[in-house]
Amino acid sequence: MDRIVDLDEVAAVLAGQMVGWTSAGLEVGQVTWRDADASWPQPLETDRTRVHDPDSVGVIISGPGEAELSVVLFRGGWADVDFIAGLDDAGCLPASGIASASDFEARMDQWITRVFGICDAAQ
């Protein structure tokens, strides 16, 4: 898999946004890592030092009314983005062509707004 996005930079972005998200009433789970060198099935790790060759980083964010956003970004520049915003509002969001940590940050802001209706929560 090509290394398009630096996942350590993305983790720093997530860490910087967590305070704003929690201040806005969201619950942020631990960041998880997957190691490309691990044998299948590759376990998710919460300790970055246990991951030699990260190929993904993820987080789950929960909010009011059982709303939830799950994002797993792969170093190849795409993400699996699943959400539940309400009983009749759930699914996947498009997430390809992510070119950098700052690009990911802008998209996270959009996804947070889409799912939780919160603008600029990380500010």
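The legends below describe close-up views of a predicted model. Local features need pLDDT of at least 70 and side-chain atom pairs count only at pLDDT 80 or more, while totals for chains, interfaces and linings use all residues. Residues are numbered from 1 along each chain as its sequence is written, and side-chain values use heavy atoms, with hydrogens and water left out.

**View 1**
Helix α2 spans residues 101-116, 16 residues in total, and reaches 22 Å from its first C-alpha to its last, close to the 22 Å expected at 1.5 Å a residue. Helices (H or I, at least four residues) and strands (E, at least two) are DSSP runs numbered from the N terminus; the expected span is 1.5 Å times one less than the number of residues. Ala101, Phe104, Arg107, Met108, Trp111, Ile112, Val115 and Phe116 of α2 are buried. They lie on the same side of α2 because they cover an arc of only 145° around the axis, the arc being that of the directions from the helix axis to the C-beta atoms. Buried means under 20% relative accessible area, exposed over 50%, and partly exposed in between (1.4 Å probe, protein chains only). The buried residues pack against α1 (7-23), β4 (54-62), β5 (68-74) and β6 (78-86). On the face turned away from the buried side are the exposed residues Ser102 and Gln110. Gly117, with a positive phi near 70°, follows α2.

**View 1. Surroundings of Arg107.**
Arg107 lies in helix α2 and is buried, with a relative accessible area of 18%. Its side chain has a polar contact of 3.0 Å with the side chain of Asp103. A polar atom of the Arg107 side chain also lies 3.3 Å from the backbone oxygen of Gly97. A polar contact is a pair of N or O atoms within 3.5 Å; within protein, one must be able to donate a hydrogen and the other to accept it, and residues adjacent in sequence count only if both atoms are side-chain atoms. With neighbours within four places in sequence left aside, Arg107 is in contact (heavy atoms within 4.5 Å) with Ala95, Ser96, Gly97 and Ile98.

**View 2. Aromatic pairs.**
The whole structure contains 2 aromatic pairs. Phe74 and Trp78 are stacked, at 5.3 Å centre to centre and 20° between the planes. Phe74 is buried at 9% relative accessibility, whereas Trp78 is partly exposed at 36%. Phe104 and Trp111 form an edge-to-face pair, at 6.2 Å centre to centre and 75° between the planes; both residues are buried. Rings of Phe, Tyr and Trp (its six-membered ring) pair if their centres lie within 6.5 Å, with planes under 30 degrees apart counted as stacked, over 60 as edge-to-face and the rest as tilted.

Arg75 is placed in the loop between β5 and β6 and counts as buried at 8% relative accessibility. The side chains of Arg75 and Asp53 are joined by a polar contact of 2.8 Å. Ala36, in the loop between β2 (32-35) and β3 (44-45), is partly exposed with a relative accessible area of 27%. Apart from neighbours within four places in sequence, Ala36 is in contact with Gln42, Asp53, Asp55 and Arg75.

**View 3. Arg48 and the ring of Trp33.**
Arg48 lies over the face of Trp33, 5.0 Å from the ring centre. A charge sits over a ring if NZ of Lys or CZ of Arg is within 6 Å of the ring centre and within 35 degrees of the ring normal.
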